[in-house]
Amino acid sequence: MSGLPLIGVTTSITVGTAPERAYVNSTYLFAIQQAGGVPVALPPQLSATSLARLARGLDGLLLTGGGDLDPALFGEAPHPTLYDVAPARDTLEISAVRIALERGLPILAVCRGLQLLNVALGGSLFQDVGADPGTTLRHGQTEPRDQPTHAVTVKPGSRLAETLGTDELEVNSMHHQALKVLGEGLVPVAWAPDQLVEGVEMTDSERFVLGVQWHPEELCRDSEPARRLFAALVSSARS
């Protein structure tokens, strides 16, 4: 392709407030542009027709963080700690994943995006990691968002390790859900010290599909591995 690649960026949606809004943290937009891509917002309010029309022009997909997924998607009743469940967002993003996979577009999935990707491929989630499976590691940090708070180990030789340029790094952590049963075609390649899955990739090495549980968009100023993630997405979209 010629020119700057267009990267679809999913957005959050307000829940239980008026007027309803779609929004996305600016750090995602800066990270894509810093890497040489052009972010294109994909709000939950898009109709299937609108999404299909926009998707025809996209070169890659970034699944962003946000509220919880509807556990009905993986056959479970809601946990009491669920928040900001937005079925319209779930529907839009699952459709976007399917379109991206059908078209062979590169996908980078961040935090909730990783969980959404997993569920879209038939996987399930721990709805509250403090209760199930239970862990003493803090996955919902109170420190500033751009401050790493725990280590992650990455499988040497994996696509994620090659993309990050390292198999050990410090990450930020802002989630209370995590992957339980992995979706079809996904393999775990990164873990927190408590062995919760922190990164996945596709078993099909021809596809650029990476998911991380941390928030690299918040770390781009000081972290070369974070910048490399977005650079790899944009580079794959360009090719």
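**Note on the predicted model: sheet, helices and loops**

1. E93 is buried, with a relative accessible area of 1%; buried means under 20% relative accessible area, exposed over 50%, and partly exposed in between, with a 1.4 Å probe and protein chains only. This residue belongs to helix α3. Leaving aside residues up to four places away in sequence, E93 touches T10, T11, L63, R112 and L116, where contact means heavy atoms within 4.5 Å.

2. Basis of the note. The structure is a predicted model, in which local features need pLDDT of at least 70 and side-chain atom pairs count only at pLDDT 80 or more, while totals for chains, interfaces and linings use all residues. Residues are numbered from 1 along each chain as its sequence is written, and side-chain values use heavy atoms, with hydrogens and water left out. Helices (H or I, at least four residues) and strands (E, at least two) are DSSP runs, numbered from the N terminus.

3. Pairing around β5. Strands β1 and β5 pair in the parallel sense over 3 bridges. G8 has L61 of β5 as its bridge partner, and V9 stands opposite L62 in β5. Strands β5 and β6 also pair in the parallel sense, over 3 bridges. In β6, I107 is the bridge partner of L61. Between β5 and β6 the chain passes through helix α3 (residues 87–103), and this β-α-β crossover is right-handed. The term right-handed applies if, with the strands pointing away from the viewer, the path from the first strand over the helix to the second runs clockwise.

4. Are the faces of β5 covered or open? Both are covered: G60 and L62 on one side, and L61 and L63 on the other, are all buried. In a regular strand the side chains alternate between the two faces of the sheet.

5. Helix α1. In α1 (residues 26–34), the residues Y28, A31 and I32 are buried. They cover an arc of only 95° around the axis, which puts them on the same side of α1; the arc is that of the directions from the helix axis to the C-beta atoms. On the face turned away from the buried side of α1 are the exposed residues F30 and Q34. What covers the buried residues of α1? The cover includes β1 (6–10), β4 (38–42), β5 (60–63), β6 (107–110) and α6 (224–238). Just after α1, G36 takes a positive phi of about 100°.

6. Helix α4. How many of the residues of α4 (residues 112–120) are buried? The count is 9 of its 9 residues. Just after α4, G122 has a positive phi of about 95°.

7. Cis peptide bonds. The bond from A18 to P19 is cis, with omega near 0°. P19 lies in the loop between β2 (12–13) and β3 (22–23). The bond from D132 to P133 is likewise cis, with omega near 15°. P133 is placed in the loop between β7 (125–126) and β8 (150–154).

8. D84, a residue other than glycine, has phi near 50°, a positive value. This residue lies in the loop between β5 and α3, and D84 is partly exposed, with a relative accessible area of 37%. Q195 is not a glycine either, yet has a positive phi of about 75°. Where is Q195 placed? Q195 is in the loop between β11 (186–191) and β12 (197–202), and at 54% relative accessibility Q195 counts as exposed.

Conventions:
Pairing = 2+ DSSP bridges.
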